[in-house]
Amino acid sequence: MSTYAQKKGFGATLWDYLTTVDHKKIAILYLIAGGFFFVVGGLEAVFIRIQLAVPNNDFVSAGLFNEIITMHGTTMIFLAAMPLVFAFMNAVMPLQIGARDVAFPFVNALGFWLFFFGGVFLNLSWFFDGAPDAGWTSYASLAMASKGHGVDFYVLGLQISGLGTLIGGINFLVTIINMRAPGMTYMRMPLFTWTTFVTSALILFAFPPLTVGLVLMMFDRMFGSNFFVTTMGGNTVIWEHLFWIFGHPEVYILILPAFGIFSEIFPMFSRKRLFGYSSMVFATVLIGFLGFMVWAHHMFTTGLGPVANAIFAVATMAIGVPTGIKIFNWLFTIWGGSVKFTTPMHWALAFIPSFLAGGVTGVMLAAAAADYQYHDTYFVVAHFHYVIVGGVVFAIFAGTHLYWPKMFGTMLNETLGKITFWLFFIGFHMTFFIQHFLGLWGMPRRVFTYLPGQGFETSNLISSIGAVFMSLAVIVMLYNIIMTSVKNVKVGNDPWGDGRTLEWALPSPPPFYNFKQLPLVRGLDAYWLEKMEGKKGMTPAEPLGDIHMPNSSFLPFVIAFGLFVAAFGALFNMDDKAWSVPVIIIGLLITFGAMFLRSVKDDHGFHIHKEELMEDDNDKGVKA
Amino acid sequence: MHAEEKLTHETWPAEPEKSTLEAKNKFLGFWFFLGGETVLFASLFATYLALKDKVPDTTHTLAKDLFDLPLTFVATMLLLTSSLTSVYAMYHMKNFNAKKMNLWLILTLLLGAAFLALEVYEFSHYVHEYHHTFTSSAFGSAFYTLVGFHGAHVAFGLLWITTLIVRNYNRGLDLYNAPKFYVASLYWHFIDVVWVFIFTVVYLMGMVG
């Protein structure tokens with residue numbers, strides 16, 4: 001395969017990425033798209049903090065403020081955090097289990113393009129009379145009353161990107177069950193693979209309720225149905241239930257992969273195997289299970305009654321137990337280890353107290369009676385930013401530094417990485433710690449301004465200054481990425497020197513077929529095991545033979561694009577525009593036509609022949 | 001085994017739907033997909049139960065006066081039988097008999113189409129006789145959404161199985177298309193099971209008020 005060594009032009013590279021079904025390239029696509037939306041959502045956060053920095057501010061109007069907070073939440077959850085987590089799952093999980101690709105490479109690409117077009121569609125709302133303004137939870141009582149097309153962009157955009165996430169989840173589940181290398185039993189799987197597995201199961205069962213909720217809201221807003229119209233017998237609480245039956249597992253969908261990334265980092269840089277591996281697996285599964293039992297704790301003040309509130313309060317507090325198990329296991333992993341203070345390890349060490357603070361306020365909020373005081377105040381804002389930023393975003397930063405060499409073949413600068421860390425760590429606590437007190441002092445969330453003389457001025461100013469630090473941190477990291485990419489110093493298989501799992505046994509980045517010969521896994525931390533016995537790499541589990549690979553395809557892009565077109569038609573159909581119905585039909589024809597093509601055209605993939613693989617050995621080094 | 005291998009009646013494996021890695025993946029992935037679909041329908045059922053008989057005023061017809069059991073009983077029998085015929089189709093698929101498989105699948109399609117025709121008649125009956133429409137009440141919205149979602153699944157299944165039959169009519173069975181037939185039949189069973197629940201929750205429970 002000497003052709004792969006050739007430098008490709010920009011057009012060819014672009015076409016390569018538009019048609020790729022390779023999990024490593026899809027990971028890069030997720031990283032870029034998720035990173036872009038992270039910056040967009042971050043800018044929205046900065047606008048929020050500028051507006052709230054001083055009382056009676058008029059930096060943005062009340063209506064625009066509603067749009068900004070809605071888009072900040074929606075973008076960060078659906079278009080930044082989830083895709084970035086998906087980036088690492090795609091980049092690392094197949095390598096960790098010793099697979100050559102995911103189970104459904106075509107579906108993997110389709111999942112990405114659905115997410116991408118859904119996200120673009122949602123953000124295009126800024127250019128068509130206004131973004132959604134009913135909050136990221138889009139409660140029906142607010143959403144049904146929202147003028148303009150904002151909420152319609154929300155409904156259709158999330159529907160499209162949600163489909164992408166759902167099929168991505170199915171793909172990971174099947175990959176982990178069917179495609180593990182010889183010897184890779186379930187209880188030898190790295191923790192990141194385990195959390196990917198449980199997360200995917202959560203996605204599979206949590207996203208359909210959201211799909212239904214969005215469909216109902218779409219029908220109500222666009223086709224005149226009455227699910228949420230109380231005068232016609234409708235009930236807006238149905239939306240709250242459907243949204244939170246999805247929404248609560250969603251926070252575990254985000255945090256479990258973060259736990260997984262930290263569970264890789266602690267053993268690596270403590271140079272000690274993970275303490276309590278099996279209890280970690282147990283805790284992960286238990287959190288995933290309990291995650292479905294607690295949705296109504298978001299609805300304590302809805303009026304479900306004391307029995308429901310009590311049950312959901314107790315179930316919520318129970319989640320503290322497996323999470324506590326994890327915290328102690330991480331601490332015991334560091335205990336007595338020979339700790340190396342790398343950038344990922346900085347994030348991991350900072351994660352424990354930061355996330356723990358969010359967990360403690362979580363148990364406070366779970367006390368239903370007390371929640372009547374906290375509900376809809378800045379205390380809640382502080383709580384969920386402590387778990388989402390202190391947990392998920394820290395993990396994304398840590399994962400970016402940790403896996404950058406595996407994804408791109410070059411290390412990010414460690415000094416700049418640590419500067420990023422300290423700026424962000426200080427900024428994060430500065431912004432959000434004070435918000436606990438703002439909430440307890442009575443500042444409601446989602447207000448666009450406040451009056452002077454209520455005791456909110458200083459705290460809000462401090463909070464806003466913290467946002468500056470976090471922004472600087474992101475800028476430093478972007479600079480770091482650009483500088484190291486320009487220098488592009490190539491690194492070997494195991495650039496951290498302490499890799500324990502299979503991905504570090506492969507070149508950085510790995511060849512497109514990942515493993516020339518599938519590795520034989522002899523225990524937990526498979527690569528570490530071989531290194532400790534003085535071997536250079538993994539023992540192969542099969543003789544060198546032909547490798548079967550999937551063909552690239554442009555169809556995933558086309559299928560997703562068709563839905564994007566149809567969504568525009570559906571949206572403008574509300575205004576009785578003459579062209580809207582043809583646009584819906586054209587869009588659906590594109591989608592279903594491409595699906596039909598995919599169905600009737602045989603796609604057997606291709607084989608890399610043994611001789612080519614052997615040739616690869618000879619001109620190693622030349623190959624990227 | 002490879003998907004492209006030419007097989008005979010003798011070399012045809014016992015479980016052709018799971019005999020290559022691609023087939024195993026498809027088999028398992030489709031089961032997971034059906035798991036997600038179950039939650040989707042569960043959400044629709046919950047919505048329906050919450051909004052059953054929720055109408056703006058007393059002029060609207062309620063469930064107990066609306067539904068017509070003999071009609072839905074016939075529809076149920078049609079769909080249950082179509083599930084049986086798809087089982088026969090899969091029996092012949094496992095015996096490497098493409099001709100008979102196609103025959104039973106076509107029978108399945110006809111039964112499915114008859115079910116769909118009855119449903120269309122039923123809906124238009126409610127609209128014209130009782131003014132029970134998608135927009136007339138929350139009850140109407142929930143009813144047509146739940147039963148309509150199922151109907152749309154049946155329609156999609158008809159198109160899917162038709163495409164499979166037409167595409168593979170002249171080339172017989174191989175390990176590339178056998179799993180495709182198999183998951184299509186799984187899908188067909190699934191929409192049958194969903195219908196059993198609709199028959200119970202919507203129609204039977206509707207009759208008792």
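The legends below describe views of a predicted model with chains A and B.

Residues are numbered from 1 along each chain as its sequence is written, and chains are lettered from A in the order in which they are written. Because the model is predicted, local features need pLDDT of at least 70, side-chain atom pairs count only at pLDDT 80 or more, and totals for chains, interfaces and linings use all residues.

**View 1. Overall form of chain A.** Chain A holds 19 helices and 2 strands; these are DSSP runs numbered from the N terminus, helices being H or I of at least four residues and strands E of at least two. The C-alpha trace spans about 70 × 65 × 45 Å along its principal axes. The radius of gyration of chain A is 25 Å, which agrees with the value near 25 Å for a compact globule of 624 residues (taken over C-alpha atoms; the rule is 2.2 Å times the number of residues to the power 0.38).

View 2. Of the 624 residues of chain A, 53% are buried, that is, 20 or more other C-beta atoms, placed from the backbone, lie within 10 Å of the residue's own. A nonpolar core is a set of buried Ala, Val, Leu, Ile, Met, Phe, Trp, Tyr and Cys residues joined through C-beta atoms within 7 Å. The largest has 239 residues, and Leu254(A), Phe262(A), Ile265(A) and Ala398(A) have the most contacts inside it. Leaving aside residues up to four places away in sequence, Ile265(A) touches Pro344(A), Met345(A), Ala348(A), Ala398(A) and Leu402(A); contact requires C-beta atoms, placed from the backbone, within 7 Å.

**View 3. The side of chain A that touches chain B.** The contact takes 33 residues from chain A and 32 residues from chain B. Helix 6 (150–178), helix 7 (191–223), helix 8 (237–270) and helix 18 (580–600) of chain A each supply at least two residues of this side. Helix 7 gives the largest share, 8 residues. By type, the chain A side divides into 21 nonpolar, 11 polar and 1 charged (Ala, Val, Leu, Ile, Met, Phe, Trp, Tyr, Cys and Pro count as nonpolar, Asp, Glu, Lys and Arg as charged, the others, Gly among them, as polar). The predictor gives the complex an ipTM of 0.95 and a pTM of 0.95.

**View 4. Helix 14 of chain A and the residue Gly442(A).** Helix 14 (residues 414–440) has 27 residues and reaches 39 Å from its first C-alpha to its last, close to the 39 Å expected (1.5 Å times one less than its number of residues). Gly442(A), which follows helix 14, has a positive phi, near 110°.

Key
Contact = placed C-beta atoms within 7 Å. Buried ≥ 20, exposed ≤ 12 C-beta atoms within 10 Å, placed from the backbone.
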